[in-house]
Amino acid sequence: MKKVIDFEHRMAAHCETGTLTALLNYNGLEITEPLVFGIANGIFFGYLESSNFPFPTFIVRSRPGQIRENISKRLNIKLEKYWFKDPEKGEAKLDELINKGIPAAIQVDFFYMSYMPEWLRVNINVHFINIIGKKDNKYIISDSYHPRISELDKDVMRKARWAGGYMAPKGFLYYPVDVPENVDFKQPVIKGIKRACRNMLSIPVPFIGIKGIYKFADKIKEWPSLVRDTEHLSHEIMKINILLEDQGTGGAGFRFMYATFLQQAAGILQNEKLDDMSKRMMEIGDKWREISYFAAKIGKNRDLGKEKLNELSLLIKERGDEEKEFFKDLRKTV
Amino acid sequence: MKEKDLYVDFKPQQAVYYVEKDDSTYGPIVSGSQISHDYLEDYFFKKKNLEKQLRDQMADNKISPVYYYMTLYEMGIGDLASRVRVSKRKLKKHFLPKYFEKLSIPLLKRYAAIFDIPLASMFQLVIVKQEDQVRIEFDFMKTKNDCLIITKTGIRKNEKSDRF
């Protein structure tokens, strides 16, 4: 089989918003990645302790799949979605779509994306890529995290699509089948903002939203009791930088992307207050980035005594205070 | 963040970041990763130390290869147990050499598949001397026999490291 769809490959900050934005653009809808992120209320915070992770961690975006579902609902876009128990059936469906010239997004375990640098490749089952062709036994891939179109062997792709474990992909694939030509973004933008405020301020769970930021600030002081040695602590502290900056966030734990969304939203709604909120979010993002720098620096220097961790904790708490005020004010602007 | 403050020249790891452009609009740029640019050597240093610590523990019969690979690949117990389709309690037993010795070949094959290593690597570690690492290459060839991998080793034709 030899077929490559004429698909414009573009890098994006995040895999889920990147694949979805690219598919929507391909199907004729002009929409940006930040708009997809904001309309789908992607901004989030959660501090998680689970045996599914090797160490306590935090998330800065909504649950994987939520962005896709919210966009589908709010923009009235019909998506065709499939899960497959049987890999052969899942591969046959994907091949059929390629043959018909339909690019599709699939969910994979990031560990198997061999075109990515080895130091980035970890077992995360919620990576999304677009499949845009097949040449013999290799799938042609548009991955938002990679500068160029890539290829992956059919056998490796099978492992990636049917990796078991936490949030297993189960061969999931989707593609848009009905995309409206003209979309009025006003109501979806308002809904996205309102829901984001609710998620950050009002979910009655002690590790979600602003409460999650405070929990993170408290818990980080206990990390020394959870590690093997100083190098392990250094690694986990430096991962704060990676989680905020490098794991497909667009910088500062999605805060820069959200600021961009708010700027675009200000134009759509003709609301100057949103422009001010956008600037405020950019400043909050800058301060999250200070945390990234600080964590990387103390981790590298192995300067991980109680005093430094308290300092880091205080910086995180301050971000919580600022975001609490920010989302309260944002709620009033729409 | 202003574009000029964020941009890092680091080709091996590029990503999209959102920044404030010169005209005050916000938008995406492609830049290298700051942490990888500044601290990748430190990451490899720590990883190498961890590998050695775990290897020594394995050689002292204190931990099993299951624990070795799980820790090295930074997998959670719940996630790995679910991938291998065993309970977390059972998985924790497999961390110990005395239980690891009793594992069946099919279960070991499941572990090897998840760690993406040949089955043989559950029983032996091959280490290349530091000074030869750039020169030596391995080619693992699968066979129809699931339990057998043929490993060809030799001098790399292009001696440049492919790490970057």
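1. Helices (H or I, at least four residues) and strands (E, at least two) are DSSP runs, numbered from the N terminus.

2. The model is predicted: local features need pLDDT of at least 70 and side-chain atom pairs count only at pLDDT 80 or more, while totals for chains, interfaces and linings use all residues. Residues are numbered from 1 along each chain as its sequence is written, and chains are lettered from A and ligands numbered from 1 in the order in which they are written.

3. Chain B has a radius of gyration of 21 Å, whereas a compact globule of 164 residues would have one near 15 Å. The radius is taken over C-alpha atoms, and the globule rule is 2.2 Å times the number of residues to the power 0.38. The C-alpha trace of chain B spans about 65 × 45 × 35 Å along its principal axes.

4. An automatic or database domain assignment divides chain B into domain 1 (3–32), domain 2 (39–123) and domain 3 (126–164). The C-alpha centres of domain 1 and domain 2 of chain B are 38 Å apart.

5. Chain A contains 11 helices and nine strands. Its radius of gyration, 20 Å, agrees with the value near 20 Å for a compact globule of 334 residues. Along the principal axes, the C-alpha atoms of chain A fill a box of roughly 60 × 50 × 30 Å.

6. In chain A, 46% of the 334 residues count as buried; in chain B, 24% of the 164 residues do. A residue is buried if 20 or more other C-beta atoms, placed from the backbone, lie within 10 Å of its own.

7. Helix α5 (residues 154–161) of chain A has Met157(A), Ala160(A) and Arg161(A) buried. These residues lie on the same side of α5(A), because they cover an arc of only 90° around the axis; the arc is that of the directions from the helix axis to the C-beta atoms. Their cover includes α4 (87–100), β5 (104–108), β7 (138–142) and β8 (150–153) of chain A.

8. The contact between the chains takes 41 residues from chain A and 37 residues from chain B, two residues being in contact if their C-beta atoms, placed from the backbone, lie within 7 Å. On the side of chain A that touches chain B, the elements giving two or more residues are α8 (230–246), α9 (255–269) and α10 (272–300) of chain A. Of these, α8(A) gives the most, with eight residues.

Key. Buried ≥ 20, exposed ≤ 12 C-beta atoms within 10 Å, placed from the backbone.
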